[in-house]
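User: I'm new to this one and would like a walk through it. Can you take my questions as they come?
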Amino acid sequence: MVSHAIEVRNLYKIFGPRGGDYVDAVKNGLGKAELNQKYGHVLGLRDINISMPAGGIMVVMGLSGSGKSTLIRHINRLIDPTAGEVLYDGVDVCKMSENDLREFRRHKTAMVFQKFALLPHRTVLENTVYGLEIQGVGQAEREKRATQWIARVGLSGFENHYPNQLSGGMQQRVGLARALTNDADILLMDEAYSALDPLIRVDMQTVLLDLQKELKKTVVFITHDLDEALRLGDKIAILRDGMVVQQGTGQEIVLNPADEYITAFVKEVNRGRVVNVETIMAPLSGNPEGMPIAKGTVLEMAARAMTSANQTLAHVVDENNRPVGAISLSAIISSMVTPTSHEAKAA
Amino acid sequence: MAGLCESLPDFLCKFPAFSDVSIRAVRKSVDDGFKALVRSYVNAIDAMVQPLQWFLNYLERLFVSSPWPIILLIMLAIVYFGSRNIKITIGTALSMLAIGLLGLWNDTMVTLAMVTVCTLIAILVGIPIGILMARSDRVQGIVNPILDVMQTMPSFVYLIPVVMIFGIGKVPGLIAVVIYAVPPMIRLTNLGIRLVDKEVLEAADAFGSSGWQKLKNVQMPLALPTIMAGINQTIMMSLAMVVVASMVGVGGLGKNVLQAINNQFFTVGFLNGFALVAIAIIFDRTSQAYGKRLQKHSEVIHG
């Protein structure tokens with residue numbers, strides 16, 4: 001199974017009975033507040049262009065009301081767009097017939113919801129088989145596959161419990177198992193971990209990252225938590241008032257925030273866990289000094305390794321152990337603290 | 001205020017109604033037209049309701065002519081396996097024995113047969129209509145006022161056309177009871193489906209459920225507690241209505257009550273009345289306990 005990228009192009013969503021009439025006005029600069037006051041329509045999304053990497057985790061981040069949940073619902077068309085297209089494997093999801101859409105949802109997508117949305121009258125096992133059941137997979141086969149995934153998310157032994165008998169974290173594991181059992185290329189996670197308490201959230205993030213290493217699905221993850229976005233996202237898009245303010249890798253966003261809004265966001269971020277050594281390394285001058293540190297190591301890990309080895313200098317090595325740059329402990333530390341310019345901008 | 005009328009024109013004091021003659025003419029033509037309509041379709045109508053008549057007679061004969069211990073045992077078994085509650089079962093046994101000792105066994109069986117058939121028909125009619133209402137606001141807009149009329153119109157009034165169409169007997173009684181008892185079934189089915197959690201429905205959509213799969217896997221199971229309440233209400237209302245239906249020829253406890261009213265038989269009236277109450281309580285407790293058992297999964301163990 002090869003996952004494909006998802007291309008969102010020029011996507012607009014205007015909520016209201018005659019949303020289509022206002023697309024041109026919005027394209028010509030009609031604002032959200034004005035649209036709402038003058039015409040009673042709500043601007044959900046405005047000119048969204050994102051290409052979501054195949055087999056990677058795309059995080060869409062924004063505060064409530066930014067349109068992130070609206071955006072993810074366009075990918076399996078739980079919400080119809082007012083204008084624009086969502087391409088998967090060359091096909092526009094927004095133009096599919098009802099039957100094609102149903103098949104697309106059944107076989108290509110699976111979704112995990114913020115409030116779990118489990119069927120309360122079904123046991124964990126019966127919930128997990130749901131996707132396969134409506135595809136018409138036989139009972140023995142679907143239960144075999146579901147049982148595997150229940151075990152993978154760590155719920156073995158709870159197959160015959162009802163959702164209400166489980167804690168929130170365990171319920172979301174069921175939600176994840178239900179989505180994974182579907183064996184779809186696209187995994188849509190709508191604030192899937194936002195309702196969980198912090199420790200369990202980190203735990204569930206680890207579950208997702210571990211699974212993703214082998215599954216390589218195209219994951220779209222919605223969150224309002226920047227730390228979560230940075231931990232999970234191969235690529236991150238930040239939404240505000242229905243518009244994409246910035247998109248890129250976590251490092252790019254933390255090091256070069258596009259505006260004050262994002263600067264305020266990234267101010268509190270632990271840079272040591274986001275920024276990689278190769279981002280701040282200096283070119284090699286002469287022979288490599290100190291201990292070797294692998295490319296892709298985050299600053300915090302590098303600092304820890306150097307401190308415990310009692311070294312102040314190190315060199316960065318690539319996959320083939322060839323030295324590519326030099327780095328010092330003081331450079332690492334100065335990159336880990338938030339620059340004063342950001343502090344000033346955000347304040 | 002009375003004096004005011006003398007200084008005012010007549011039409012402001014006495015409401016200017018249409019003349020008696022014209023009202024009478026309209027009334028007569030509607031009545032005659034309806035009668036003619038009924039007369040020309042009488043055979044078709046009889047043929048249509050014949051299966052109901054057979055079913056009702058069959059069930060009544062089965063209940064009345066089977067030995068009472070068998071009926072009692074079956075009843076207790078249904079109550080026990082429905083409610084899994086020994087108290088309700090003992091209560092049922094005691095009240096049915098009391099009914100038998102007071103000589104009301106056969107009448108009670110006739111009433112039971114009637115209520116059973118009425119409830120089954122009300123469920124068969126009510127659930128599909130309720131589902132249609134839940135799926136379309138337009139259907140809801142049309143059906144709701146009809147239900148209002150059915151519930152507020154005095155039952156004696158629609159007994160008139162029912163008797164004109166079907167004559168005197170069990171079937172018109174049955175139809176009158178169903179008209180009276182079906183609205184809660186329809187309303188609560190509609191309500192139950194509309195109250196189903198939007199998030200769960202969205203999840204069902206996201207996994208690609210068809211409309212039928214959504215109805216079968218999500219909407220009906222989640223609406224079931226409300227639908228059970230509807231069935232319970234329907235049973236209660238059928239029991240209340242069998243007394244009125246006895247006026248058009250339905251036998252059983254209702255007929256005894258009607259005779260007691262006509263002859264001022266105080267004791268007979270109350271005994272039959274209490275027999276109805278006993279059946280009502282048995283049905284109510286059993287169906288409620290059953291409904292609650294269906295909700296086993298909603299018990300919260302973790303916080």
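Analyst: Before the first answer, a term: domain bounds come from an automatic or database domain assignment. This is a predicted model, where local features need pLDDT of at least 70, side-chain atom pairs count only at pLDDT 80 or more, and totals for chains, interfaces and linings use all residues. Residues are numbered from 1 along each chain as its sequence is written, while chains are lettered from A and ligands numbered from 1 in the order in which they are written.

User: OK, which domains does the assignment give for chain A?
Analyst: Domain 1 covers 6–108 + 184–269, and domain 2 covers 272–346. Taken over C-alpha atoms, the centres of domain 1 of chain A and domain 2 of chain A are separated by 33 Å.

User: Switching to chain B. How many helices and strands there?
Analyst: Chain B has twelve helices and zero strands. Helices (H or I, at least four residues) and strands (E, at least two) are DSSP runs, numbered from the N terminus.

User: And why is chain B called more spread out than a compact globule?
Analyst: Its radius of gyration is 24 Å, well over the 19 Å from the globule rule for 303 residues, so chain B is more spread out than a compact globule. That radius is taken over C-alpha atoms, and the rule is 2.2 Å times the number of residues to the power 0.38. Along its principal axes, the C-alpha trace of chain B spans about 80 × 60 × 50 Å.

User: What share of chain B counts as buried?
Analyst: 34% of the 303 residues of chain B. A residue is buried if 20 or more other C-beta atoms lie within 10 Å of its own, exposed if 12 or fewer, and partly exposed in between, with C-beta atoms placed from the backbone.

User: Now helix 6 and helix 8 of chain B. At what angle do they pack?
Analyst: Helix 6 (residues 137–152) and helix 8 (residues 170–194) of chain B pack at about 145°, with axes 9 Å apart. Axes are lines fitted to C-alpha atoms, for helices over the stretch in contact, and angles run from 0 to 180 degrees between N-to-C directions.

User: Which residues meet there?
Analyst: From helix 6 of chain B, they include Val143(B) and Leu147(B); from helix 8 of chain B, they include Ile179(B) and Ile186(B). Contact requires C-beta atoms, placed from the backbone, to lie within 7 Å. By class, this contact of helix 6 with helix 8 of chain B has six nonpolar, three polar and one charged residues. Ala, Val, Leu, Ile, Met, Phe, Trp, Tyr, Cys and Pro count as nonpolar, Asp, Glu, Lys and Arg as charged, and the others, Gly among them, as polar.

User: What about helix 11 of chain B, which residues are buried?
Analyst: Leu253(B), Gly254(B), Lys255(B), Asn256(B) and Val257(B). The buried residues of helix 11 pack against helix 5 (105–135), helix 10 (211–245) and helix 12 (266–294) of chain B.

User: And what comes just after helix 11 of chain B?
Analyst: Gln264(B), with a positive phi of about 55°. Gln264(B) sits in the loop between helix 11 and helix 12 of chain B, and counts as exposed with 8 C-beta neighbours inside 10 Å.

User: Back to both chains: how many residues does each give to the contact?
Analyst: Chain B gives 20 residues and chain A gives 21. On the side of chain B that touches chain A, helix 9 (198–206) and helix 10 of chain B are the elements that give two or more residues. Helix 9 of chain B gives the most, with six residues.

Methods
Two residues are in contact if their C-beta atoms, placed from the backbone, lie within 7 Å.
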